[in-house]
Amino acid sequence: MKIAKEYAPSYDVKGNTDFSVKEITDICENIGPRKPGSPEELKAQKFMQRILDKYCEKTEIEDFTLHRQGFMGFIPFTVCMGVASVFVNWFGKPLIAFIMCILAFVPLIFEFLMYKEFDDFLFPKQTSHNLIGTKAPKGEVKQRIVLVGHSDSQFEWPINYYLGGLQAKLGVEIPAVVGLVIQTIFALVCAIVGKGGAANGITSATWFFKLLFIVSIIFIPFEISFIFFQSWTKSVPGASDNLSGCYVGIGTLKALREAGVELEQTELMVICSGSEEAGLRGAKAYAKRHQKELKDIPSICIGLDTFRDLEDMAVYDRDLSGTLQHDWGVKNLVKNAAANCGYDLKFESIYIGACDAAAFEQQGIPSTGFAAMNPDPPRYYHTRLDNPENLRPEAIEAGIEIMIETVCMYDKEGLPKKA
């Protein structure tokens, strides 16, 4: 039985879904793509703030600084280091080639996989913003739930658009990384056995070294194509990723207020973060800036990211390229709420990438991610196809329904406990 039914006999989930689709369409058509730290990102947040103003006791927009190209700007450097290492090795400098390969991996690991602000200082600075809406309970605030989705949209990934997400991953992205790994092994082996390259006689060396060199050469086109992995100027509409997540949060709060629900002890916050696509920069800035107040009152966070592929809807158990474990209680709260709504959700992991919940979890705030997106990824992911025509309202509707139940369950029962 739904706990939410005890708070109000009915909620207009369908009406708020239709409202959300209309709002998303308006933003995409009248504001357009919203690259991290852009005027369009802020304009979209102000557009959403006008709705939160009607249903929240307080709304605010906070600014923060970022270097938006830092997150993906390492790609040309990594590619050049990997490709050049093959020829440096061949011409007698295997140790230098090995060092070049290691240097190629460093920003790839720290920026793209770990979301560290590793090389950000090398790139121009921008100002981005977070939109925050707060709904107070009728009694004393004893706990807090934060629903966070991001308002920016990614620079387009042309390879995904032309090949399709799975084909791009299998045909370009994975081979490029595999090639760099092979080139690193090639350099290391040559350095260890002293077969430095042409200058040291490798041209007449065993078939093994010749084979390693040939294989390394074969992967070079895949690595070079990786330079074109992302556009540096054109961003995408971002209807599903992630205006849908923003409006699952807004639609949840709006539906609760329209139904006359006053939570007993739980402060409900909806955050439309900025610059998630630049490495969770908005969520990181907010969680770090407000860490003390988030811990002074027991708080949890649910990252809402892309509600489109209903058959793939899931709660995220691990995040940050699989390196971060989400909180047991929060992820089971969402799973149990979904079960009350008739959905049997699986726990999944984000093995490449992250959602905003990871930034809160890193600051010690119990969190989980919640989304409905094909992990292949689909062809619309980070491409011009992520437009209003590609929205699936039923996924947004499910997200709002489950989040209403989640909020009400948390207010009444708190987090579930392990048996």
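Student: Before we start, what does "buried" mean here?

Tutor: Buried means under 20% relative accessible area, with exposed over 50% and partly exposed in between (1.4 Å probe, protein chains only). Keep in mind that this is a predicted model: local features need pLDDT of at least 70, side-chain atom pairs count only at pLDDT 80 or more, and totals for chains, interfaces and linings use all residues. Residues are numbered from 1 along each chain as its sequence is written, and side-chain values use heavy atoms, with hydrogens and water left out.

Student: Why is His382 called buried?

Tutor: Its relative accessibility is 3%. The cut-off is under 20%, so His382 counts as buried. His382 sits in the loop between E9 and H15 and has a positive phi of about 60 degrees, although it is not a glycine.

Student: And what makes Ser321 buried or exposed?

Tutor: Ser321 comes out at 13% relative accessibility, so it counts as buried. Ser321 also has a positive phi, near 55 degrees, and lies in the loop between strand E6 (313-319) and strand E7 (324-325).

Student: How do you know how compact the protein chain is?

Tutor: Start with the secondary structure: 15 helices and nine strands, taken as DSSP runs numbered from the N terminus (helices are H or I, at least four residues; strands are E, at least two). The radius of gyration is 24 Å, close to the 22 Å from the globule rule for 419 residues, so the chain is as compact as a globular protein of that length. That radius is taken over C-alpha atoms, and the rule is 2.2 Å times the number of residues to the power 0.38. Buried residues make up 61% of the chain.

Student: What makes a set of residues a nonpolar core?

Tutor: The members are buried Ala, Val, Leu, Ile, Met, Phe, Trp, Tyr and Cys residues, joined through side-chain atoms within 4.5 Å. The largest such core has 61 residues, and Tyr11, Ile302, Phe370, Ile402 and Met403 touch the most other members. Helix H15 (residues 393-413) supplies the largest share of this core, 11 residues. A second, separate core of 34 residues includes Met81, Leu180, Cys190 and Ile220.

Student: Which residues does Tyr11 touch?

Tutor: Leaving out residues up to four places away in sequence, its partners include Ala255, Leu256, Ile404 and Cys408. A contact here means heavy atoms within 4.5 Å.

Student: Which peptide bond is cis in the loop that holds Pro377?

Tutor: The bond joining Asp376 and Pro377, with omega about 5 degrees. Pro377 is in the loop between strand E9 (367-372) and H15.
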